[in-house]
Amino acid sequence: MNQIPLVDLKAAHEEVADEVRAGFERVLANTAFVGGEEVRRFEREYADFGGIAHCVGVANGTDAVELALRASGIGPGDEVVLPANTFIATAGAVARIGARPVLADCLPDSQLLDLQAALDAVGPATRAVVPVHLYGQMADVAALTGQLPDRVRVVEDAAQSQGASRDGRTPGSGHIAATSFYPGKNLGAYGDAGAVLTDDEERAGLVRAIANHGGTAKYRHDVPGFNSRLDGLQAVVLRAKLARLADGNTARRAAAARYDALLAGLAEAGRVVLPVTEPGNVHVWHLYVIQVAGADRDDVVGKLNAEGIGAGVHYPAPVHLTPAYRQLGHSRGDFPHAEAAADRILSLPLYPQISPDQQQRVVDTLTDALDG
Ligand SMILES: *Cc1c(COP(=O)(O)O)cnc(C)c1O
């Protein structure tokens with residue numbers, strides 16, 4: 001059976017294979033395995049891509065969120081507000097620095113953080129809000145920043161939004177942003193990798209120091225740190241893929257528009273709800289997430305998967321309903337929009353190389369699955 005994966009990493013590799021091999025040879029020849037010229041170049045190129053002054057390559061996206069928080073002075077005893085509907089790593093990074101994750105609900109249509117809910121969750125101990133640019137479109141960082149007290153920092157989780165912008169602003173153009181280059185992201189490495197973005201030189205330097213045992217020179221330790229560095233081989237892959245990211249995102253937008261058209265009938269019949277783009281967003285469609293109405297979502301996913309279609313769910317449980325965060329003391333009903341979304345959302349295969357025929361087959365199979 002012909003498989004249509006959720007993300008086609010093989011097709012993505014074919015486009016960069018020669019460049020990656022040549023780059024790996026360079027790194028092997030000069031043994032710059034951690035840091036080095038390829039990493040420096042990638043950091044410069046990725047910063048320029050988003051129009052941000054500083055990019056610090058780190059080991060993964062979760063570390064990037066942690067480092068962005070730590071470099072913002074957030075630590076034990078502080079409260080950090082984040083959406084209830086995010087990948088668990090957002091909460092994990094907050095918990096790992098000894099801060100307390102405080103959840104806020106999402107908007108029912110876009111599933112982005114509800115800014116009013118986030119503002120309502122701010123208390124005397126709150127030191128940061130982490131909006132998540134979920135599925136590839138940005139939360140309104142400018143509006144959020146403008147309404148928060150000065151002591152509360154906005155730390156963007158931009159793991160799903162490489163290349164996205166909102167009203168001309170890109171991730172990191174506010175206080176600070178973190179991103180992930182996990183292989184399946186829009187800009188994916190061949191292992192773990194991530195980055196922190198900021199226009200503030202001092203903050204960038206602090207991230208770099210904390211991520212390198214607390215200092216930027218060998219055996220000089222200015223602040224307590226740990227090891228979260230980007231390696232040369234990943235930087236080679238990221239440079240090759242970054243050169244194709246804008247085109248890939250354009251292809252994703254075209255594929256999303258095609259799904260919108262192919263699914264219009266099902267949407268009109270009230271059987272699915274299509275993804276909504278908030279105004280001002282240039283969406284990069286990390287995921288194309290519909291909501292299933294009037295049918296059992298898990299059943300529909302099961303039928304798609306049985307037909308070789310890599311549909312997924314991002315994510316099946318909001319943070320407060322995972323065993324790991326039961327300690328936050330919430331129960332079902334506390335974040336109704338996040339909970340409703342978790343029960344109904346379904347991600348369809350989407351990647352730059354997906355063909356119109358593949359999308360047609362996805363929609364035909366989905367239609368059959370909804371019919372039972
Ligand atoms: C992928 C992701 C992360 C974590 O990135 P890793 O590189 O896997 O550590 C954090 N937040 C969000 C929203 C993500 O999608």
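Me: Where does Tyr-135 sit?
Reply: Look in the loop between β4 (126-129) and α6 (141-147). Helices (H or I, at least four residues) and strands (E, at least two) are DSSP runs, numbered from the N terminus. By the way, this is a predicted model, where local features need pLDDT of at least 70 and side-chain atom pairs count only at pLDDT 80 or more, while totals for chains, interfaces and linings use all residues. Residues are numbered from 1 along each chain as its sequence is written, and side-chain values use heavy atoms, leaving out hydrogens and water.

Me: Why is Tyr-135 called buried?
Reply: Buried means under 20% relative accessible area, exposed means over 50%, and partly exposed is in between (1.4 Å probe, protein chains only). Tyr-135 has 7%, so it counts as buried. Its phi is about 65°, a positive value although Tyr-135 is not a glycine.

Me: What is the phi of Thr-31 near?
Reply: Near 50°, which is positive in a residue other than glycine. Thr-31 belongs to the loop between α1 and α2 (37-50).

Me: What makes Glu-66 and Arg-70 a salt bridge?
Reply: The rule asks for a side-chain nitrogen of Lys or Arg within 4 Å of a carboxyl oxygen of Asp or Glu. Here the N to O distance is 3.1 Å, so the pair qualifies. Side chains of opposite charge can pair when their charged atoms come close.

Me: Why are Glu-66 and Arg-70 separated by about one helical turn?
Reply: Because they are four residues apart in helix α3 (residues 61-70). Glu-66 is buried at 4%, whereas Arg-70, at 27%, is partly exposed.

Me: How do you know that Asp-298 and Arg-297 form a salt bridge?
Reply: Their side chains meet at 2.9 Å, N to O, and that passes the 4 Å rule. Asp-298 is exposed at 53% relative accessibility, but Arg-297 is buried at 7%.

Me: What does the salt bridge between Arg-332 and Asp-343 tie together?
Reply: The two side chains meet at 3.8 Å, N to O. Arg-332 lies in the loop between α11 and α12 and Asp-343 in helix α12, so the bridge ties together parts that are eleven residues apart in sequence. Arg-332 counts as exposed at 56%, and Asp-343 as partly exposed at 41%. Elsewhere, salt bridges with shared partners join Arg-26, Glu-38, Glu-45 and Arg-239 into one network.

Me: How many salt bridges does a search of the whole structure find?
Reply: The search finds 21.

Me: How many cavities of 30 Å³ or more are there?
Reply: Two. A cavity is a set of points, on a 1 Å grid over the protein atoms alone, where a 1.4 Å probe fits but cannot get out, and lining residues have an atom within 4 Å of a point. Volume here is the space filled by probe spheres set on the points, which are joined across faces, edges and corners. The largest cavity has about 100 Å³. Its lining has 17 residues, and the closest to the centre are Ser-110, Gln-111, Pro-275, Val-276 and Val-289.

Me: Which element gives the largest share of that lining?
Reply: Strand β11 (residues 288-292), with four residues.

Me: What makes the peptide bond from His-314 to Tyr-315 stand out?
Reply: That bond is cis, with omega near 15°. Tyr-315 is in the loop between α11 (297-306) and α12 (336-344).

Key. 1 Å grid on protein atoms, 1.4 Å probe; cavity = no way out; pocket = protein on both sides within 12 Å on 5 of 7 lines; lining within 4 Å.
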